[in-house]
Amino acid sequence: MTEPLVDPFQRAINYLRVSVTDRCDFRCVYCMSENMTFLPKAELLTLEELDRMCSTFVRMGVEKLRITGGEPLVRREIMTFFRAMSRHLESGALKELTLTTNGSQLERFAGDLAEAGVRRINVSLDTLDEAKFAEITRWGRLPQVLRGIDAAQEAGLRIKINVVALKGFNEDELFTLTDWCAERDMDLTFIEVMPMGDIGNENRLGQYWPLKDLRATLAEQYTLVDLAERTGGPARYVRLDETGQKIGFITPLTHNFCESCNRVRLTCTGELYMCLGQEDMADLRAPLRAAPNDDTPLEEAIRAAILRKPKGHDFDYSRQSLGGQMPRHMSHTGG
Ligand code: SAM
Ligand code: SF4
């Protein structure tokens with residue numbers, strides 16, 4: 001271990017989210033345009049480079065790795081990478097290896113993920129209606145995802161379902177989704193939609209369903225008990241008294257979580273974003289490739305980047321404008 005990573009605001013950085021590909025087999029309307037141009041393969045970090053990158057962060061105190069994308073499970077040979085990362089779980093340096101997935105490939109990979117030491121996964125699923133699922137993901141098919149969820153549970157993976165709250169789209173499924181997760185013993189988190197990337201002519205403001213409204217509707221049928229649990233991220237949790245179920249709310253547009261932020265994001269091309277809502281980033285691919293047998297320049301670049309981590313972000317829907325809108329796609333930075 002080297003000196004742990006601490007930013008200028010005394011926040012310890014122990015959580016790295018890594019996008020392993022910008023590609024995806026879905027085209028969710030709030031995330032991508034239908035005709036996406038993806039990066040040339042040569043731009044992407046190879047699996048060996050991803051290993052070096054993540055292992056360096058682990059040496060510098062990162063204890064939690066979340067693999068995301070794009071769709072991480074469509075990256076060729078991605079299980080090689082998961083298996084490689086499991087050595088850090090075995091050594092105890094890494095406490096958690098996890099991923100966020102659309103579930104389309106879980107039927108195939110759930111067993112391998114469990115074997116590599118993955119214990120919990122996030123599956124994104126905005127609706128339980130087949131036609132609406134096809135509409136929101138454009139290319140996705142619900143039965144395939146449901147089979148993936150079954151396979152993951154059979155493999156012993158704990159599942160959290162992530163639902164993007166979309167006005168006029170899944171408002172009517174609030175209770176159906178909640179009950180479905182309770183029945184299957186899955187955690188559930190609602191995410192407020194964020195202004196990310198150029199996604200064509202979808203009206204984002206029309207899609208914005210503030211979670212405080214969602215929460216108020218939920219409270220009409222359930223007793224919501226606030227939990228003190230904090231993850232260092234934008235999630236807040238409640239327990240439903242009636243079912244015992246835990247529900248999370250992710251409101252990235254508010255500022256109330258920045259002071260405890262413990263995370264940074266690595267893109268599939270090796271750019272390190274110190275804040276989801278800010279443009280500043282550090283190119284880590286250059287120092288990585290410049291010194292194939294020496295991680296010192298990479299470590300120095302990481303340390304310098306962490307010293308530039310900003311205090312907070314600039315998203316703002318409050319003036320009914322897309323103030324602070326980010327030009328890059330979630331699939332690039334990894335949601
Ligand atoms: N493909 C994987 C998936 O869908 O879970 C991982 C990558 S995806 C970018 C990660 C998460 O970001 C998903 O839960 C997705 O719903 C969410 N997401 C994508 N675009 C978003 C947006 N504009 N606002 C809020 N959440 C978004
Ligand atoms: Fe793909 Fe995930 Fe984006 Fe949907 S949210 S298009 S599944 S990366």
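How many salt bridges does the structure hold by the rule applied here? The count comes to 20 salt bridges. The model is predicted.

Asp295 pairs with Arg52 in a salt bridge, with 2.9 Å between the closest N and O atoms. Arg52 belongs to helix α1 (residues 47-59), while Asp295 sits in the loop between α9 (285-290) and α10 (296-306), so the pair ties together parts that lie 243 residues apart in sequence. Both Asp295 and Arg52 are buried, that is, each has under 20% relative accessible area. The pair does not stand alone. A network of salt bridges links Arg52, Arg59, Asp295 and Glu299.

Another salt bridge joins Asp280 to Arg308, and here the closest N and O atoms are 3.0 Å apart. Asp280 counts as partly exposed, at 34% relative accessibility. Arg308 is also partly exposed, and its relative accessible area is 40%.

The side chains of Lys212 and Asp213 form a further salt bridge, at 3.6 Å from N to O. Lys212 has a relative accessible area of 62% and is exposed. Asp213, with a relative accessible area of 31%, is partly exposed.

Attention now turns to the ligands. Ligand 1 is surrounded by 18 residues. The closest are Tyr30, Gly70, Ser124, Val164 and Met194. A backbone N or O atom of Tyr30 is 3.1 Å from a nitrogen atom of ligand 1. For Gly70, a backbone N or O atom lies 3.0 Å from a nitrogen atom of the ligand. Ser124 contributes its side chain: an N or O atom there is 2.5 Å from an oxygen atom of ligand 1. Ligand 1 taken alone exposes 540 Å², and the protein buries 95% of that area.

The shell around ligand 1 draws on several strands. At least two residues come from each of β3 (96-101), β5 (158-165) and β6 (187-192). By class, this shell comprises seven nonpolar, nine polar and two charged residues.

Ligand 2 has its own set of surrounding residues: Cys24, Phe26, Cys28, Cys31, Met32, Gly70 and Asn102. Five residues of this shell are nonpolar and two are polar, with no charged residue among them.

Leu45 lies in the loop between β1 (15-19) and α1. Its relative accessible area is 0%, so Leu45 is buried. Cys268 is 223 residues from Leu45 in sequence, yet their C-alpha atoms are 6.1 Å apart in space. With neighbours within four places in sequence left aside, Leu45 is in contact with residues from several stretches of the chain, including Leu50, Met53 and Arg75. Its contacts also include Leu266, Thr267, Cys268, Thr269 and Gly270, and likewise Arg285, Leu288 and Arg289.

Terms used
Residues are numbered from 1 along each chain as its sequence is written. Chains are lettered from A and ligands numbered from 1 in the order in which they are written. This is a predicted model: local features need pLDDT of at least 70, side-chain atom pairs count only at pLDDT 80 or more; totals for chains, interfaces and linings use all residues. Side-chain values use heavy atoms; hydrogens and water are left out. A residue is near a molecule or strand if one of its heavy atoms lies within 4 Å of it. A polar contact is a pair of N or O atoms within 3.5 Å; within protein, one must be able to donate a hydrogen and the other to accept it, and residues adjacent in sequence count only if both atoms are side-chain atoms. Accessible areas come from the Shrake-Rupley method with a 1.4 Å probe; for residues, only the protein chains shown count as cover. Helices (H or I, at least four residues) and strands (E, at least two) are DSSP runs, numbered from the N terminus. Ala, Val, Leu, Ile, Met, Phe, Trp, Tyr, Cys and Pro count as nonpolar, Asp, Glu, Lys and Arg as charged, and the others, Gly among them, as polar. A salt bridge is a side-chain nitrogen of Lys or Arg within 4 Å of a carboxyl oxygen of Asp or Glu. Buried means under 20% relative accessible area, exposed over 50%, partly exposed in between (1.4 Å probe, protein chains only). Contact means heavy atoms within 4.5 Å.
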